[in-house]
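Q: I'm new to this one. Can you walk me through it, starting with the overall layout?

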Amino acid sequence: MSTEPIKKPFVLFVCVHNAGRSQMAAAFLTTLGKGEIEVRSAGSQPAEKVNPAAVEAMAELGIDMSAEIPKILTTEAVKESDVVITMGCGDECPYFPGKRYEDWVLEDPAGQGVAAVRPIRDEIRTRIEGLIASLVPAAK
């Protein structure tokens, strides 16, 4: 039996501003993944701050994103990732063979109030639950 530690899957969420969708997805995966998955998020053109409506919508579920800051997408982050999930960043995300890419078509919460962000948040949570199921074995 191998004594090597099992490598955790590494997931990168990418959207244009890294201020809403990708931040919510990363926060959900960090919380719901229970340490079984490495998580990062980034944007091709990061905003100055995370969308306050996204922060509020996540706080309603007990997930604090208030300290998060948008980060620039780097080629290194994509190279290090096993799964790259894009959310409206188009062709700005570098492509490397052998990686799992998914494009999640989700409404952009930018400029919207918390009431409009809640359904986007809930759709992201559903997708995250499916992602976790595909990455983490049910029984160890």
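A: Let's start with the sheet. It is open, has four strands in the order β2-β1-β3-β4, and the pairing is parallel. Strands pair here if DSSP finds at least two bridges between them. Helices (H or I, at least four residues) and strands (E, at least two) are DSSP runs, numbered from the N terminus.

Q: Before we go on, what kind of model is this?
A: This is a predicted model, where local features need pLDDT of at least 70, side-chain atom pairs count only at pLDDT 80 or more, and totals for chains, interfaces and linings use all residues. Residues are numbered from 1 along each chain as its sequence is written, and side-chain values use heavy atoms, with hydrogens and water left out.

Q: Which strands sit at the edges?
A: β2 (38-43) and β4 do, as each pairs on one side only.

Q: How many bridges join β3 to β4?
A: Four, and the two strands run parallel. V83 has R100 in β4 as its bridge partner.

Q: What lies across the sheet strands β1, β2 and β3?
A: α1 does, running at about 160° to β1. Axes are lines fitted to C-alpha atoms, for helices over the stretch in contact, and angles run from 0 to 180 degrees between N-to-C directions.

Q: On to the inside. Which residues touch the most other members of the largest nonpolar core?
A: V11, F13, I128 and L131, out of 32 residues in that core. A nonpolar core is a set of buried Ala, Val, Leu, Ile, Met, Phe, Trp, Tyr and Cys residues joined through side-chain atoms within 4.5 Å. Buried means under 20% relative accessible area, exposed over 50%, partly exposed in between (1.4 Å probe, protein chains only).

Q: And which element gives the most to this core?
A: α4, with eight residues. A second, separate core has eight residues, including V14, A42, V78 and V84.

Q: Tell me about I128. Where does it lie?
A: I128 is in helix α4. Its relative accessible area is 0%, so I128 is buried. Leaving out neighbours within four places in sequence, I128 is in contact (heavy atoms within 4.5 Å) with F13, A25, F28, L29, L32 and W104. I128 and L29 are 99 residues apart in sequence, yet their C-alpha atoms are 6.2 Å apart.

Q: What about aromatic pairs: how many are there?
A: The count is one. F13 and W104 form it, with 6.0 Å centre to centre and 55° between the planes, which makes the pair tilted. The rule: rings of Phe, Tyr and Trp (its six-membered ring) pair if their centres lie within 6.5 Å; planes under 30 degrees apart count as stacked, over 60 as edge-to-face and the rest as tilted.

Q: Why does that pair tie together parts that are 91 residues apart in sequence?
A: Because F13 lies in strand β1 (residues 10-15) and W104 in the loop between β4 (100-103) and α4 (114-135). Both F13 and W104 are buried.

Q: Switching to α2: what caps its N-terminal end?
A: N51, with a side-chain oxygen 2.8 Å from the backbone nitrogen of A53. In α2 (residues 52-59), A53, A54, V55, A57 and M58 are buried. The buried residues of α2 pack against α1 (21-32) and α4.

Q: Last one, T86: buried or exposed?
A: Buried, at 10% relative accessibility. T86 is in strand β3.

Note on methods: Polar contact = N/O pair within 3.5 Å; in protein donor to acceptor, adjacent residues only side chain to side chain.
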